[in-house]
Amino acid sequence: MEHFDAIPLTFRFGTEIVGLDLTEALNEEEKSQVITLFNSASVLLFRNQALTPGQLSAFTETFGKQDIHHLAEGTFPDHPEVRVLSNKKKADGTLIGAYKGGHHWHSDLCFKEIPGQATLLYGAECPPEGADTLFADMHSAYENLPQDLKEKLEGRMATNDRNWRYSDLYPWRPALTEEQIAKVPPVQHPAVITHPQSGRRALYVTEMMVPHIDGMEDDEAQALVAEVETFATQKKYIYRHKWQTGDLVVWDNRSVLHKATSFDDTKYDRLMYRTQVLGEKPVFKPDAG
């Protein structure tokens, strides 16, 4: 690229961008090049950044209008759009932000009518071991999916329900209140979607979020989703990010699944800042290649 270097993270997807200082505002050409890479590479890595919550928020606007997370347990008073993820505690013993989230394959906010497009995660304080984030390439997984599984998924609508297995996923958290459940009702999205910029198709179902697919019995649908997810998360489709303090990772929820891994929270602290941008309602285009 003209204004920075772009280094592949894997041969399938992912790019490290070198040469941009994100504490400074990008010019329009730089923004355009970053967005082009985002739409093609799906995961962007910027190392050695020193971002304040305000600077992270400002850079997030490169990807669109920011959204405030519906479960914003910890944010900044001046920046409610910046969510805190951490095992660190306040003086009263309560956590300063969300903790132990996302340890299952998922696409951010797939359970909303307008789901996540871009998620940005900044490592303000990272453990020296553990706490990796895994990303799985849903474009390549779709393209290599056995034809019989493709035919079972293409053109079908899948129900995405945040409330369905929430207590199974997060047994250490308080149960959702009636108000929280009502705020995020089940929605339907295509099981295979077409990326609006690249035109590539991607798998868009996850085992922990999809209880039903139209035209199938629920046990059949859930077994199919489990089989597809097992195929799509093989090692050959995965980029494993080992965090360093100062890393910023941006990913396209229309193109990849991701999941967190654990670390020793009795030895290490972890402090992350997260922002998100919503996109558009996912669609499946039968004539897309």
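Visitor: What makes the contact between Asp247 and Arg47 a salt bridge?
Guide: In this predicted model, the N to O distance between the side chains of Asp247 and Arg47 is 2.6 Å. The cut-off is within 4 Å, between a nitrogen of Lys or Arg and a carboxyl oxygen of Asp or Glu, so the pair qualifies. The two residues belong to distant parts of the chain, 200 residues apart. Asp247 is in the loop between strand S13 (238-241) and strand S14 (248-252), and Arg47 is in the loop between strand S3 (43-46) and helix H2 (53-60).

Visitor: Why is Asp247 called buried, and why is Arg47 called partly exposed?
Guide: Buried means under 20% relative accessible area. Asp247 has 0% relative accessibility, so Asp247 counts as buried. Arg47 has 22%, which places Arg47 between the limits of 20% and 50%, so the label is partly exposed.

Visitor: How do you know that Glu179 and Lys183 form a salt bridge?
Guide: Their side chains meet at 4.0 Å, N to O. The definition asks for within 4 Å, and the pair is counted as a salt bridge. Glu179 and Lys183 are 4 residues apart in helix H6 (residues 178-183), so about one helical turn separates them. Both Glu179 and Lys183 are exposed, a label that needs over 50% relative accessible area.

Visitor: What makes Arg254 and Glu280 a salt bridge, and where in the chain are they?
Guide: The N to O distance is 3.4 Å, which is within the 4 Å limit. Arg254 lies in the loop between S14 and strand S15 (256-260), whereas Glu280 lies in the segment after strand S16 (271-278), 26 residues apart. Arg254 has a relative accessible area of 7% and is therefore buried. Glu280, at 34%, counts as partly exposed.

Visitor: Why is the pair Phe135 and Tyr239 called stacked?
Guide: The ring centres are 6.3 Å apart, and rings pair if their centres lie within 6.5 Å. The planes meet at 15°, and under 30 degrees counts as stacked, so the pair is stacked. Phe135 is in strand S7 (residues 133-137) and Tyr239 in strand S13, 104 residues apart. Phe135 has 0% relative accessibility and so counts as buried. Tyr239, with a relative accessible area of 10%, is buried as well. A search of the whole structure finds 10 aromatic pairs. Phe38, Phe46, Phe59 and Phe63 form one aromatic cluster.

Visitor: How do you know that the charged end of Lys150 sits over the ring of Tyr142?
Guide: The charged end of Lys150 is 4.6 Å from the ring centre of Tyr142, and the distance limit is within 6 Å. The charged end of Lys100 sits over the ring of Trp172, at 5.8 Å from its centre.

Visitor: What is the volume of the largest pocket, and what lines this pocket?
Guide: The largest pocket has a volume of about 720 Å³. Its lining has 39 residues, and Arg83, Gly101, Gly102, His106 and Tyr170 lie nearest its centre. Strand S5 (79-86), helix H5 (166-169) and S15 are the elements that give two or more residues to the lining. By class, the lining has 16 nonpolar, 14 polar and 9 charged residues.

Terms used
Residues numbered from 1 in each chain as written. Predicted model: local features only at pLDDT ≥ 70, side-chain atom pairs only at ≥ 80, totals over all residues. Heavy atoms only, no water. Buried < 20%, exposed > 50% of the residue type's maximum accessible area, 1.4 Å probe, protein only. 1 Å grid on protein atoms, 1.4 Å probe; cavity = no way out; pocket = protein on both sides within 12 Å on 5 of 7 lines; lining within 4 Å. Points joined across faces, edges and corners; volume = space filled by probe spheres on them. Nonpolar A, V, L, I, M, F, W, Y, C, P; charged D, E, K, R; others polar. Phe/Tyr/Trp six-rings, centres within 6.5 Å; stacked < 30°, edge-to-face > 60°. Lys NZ or Arg CZ within 6 Å of the ring centre and 35° of its normal.
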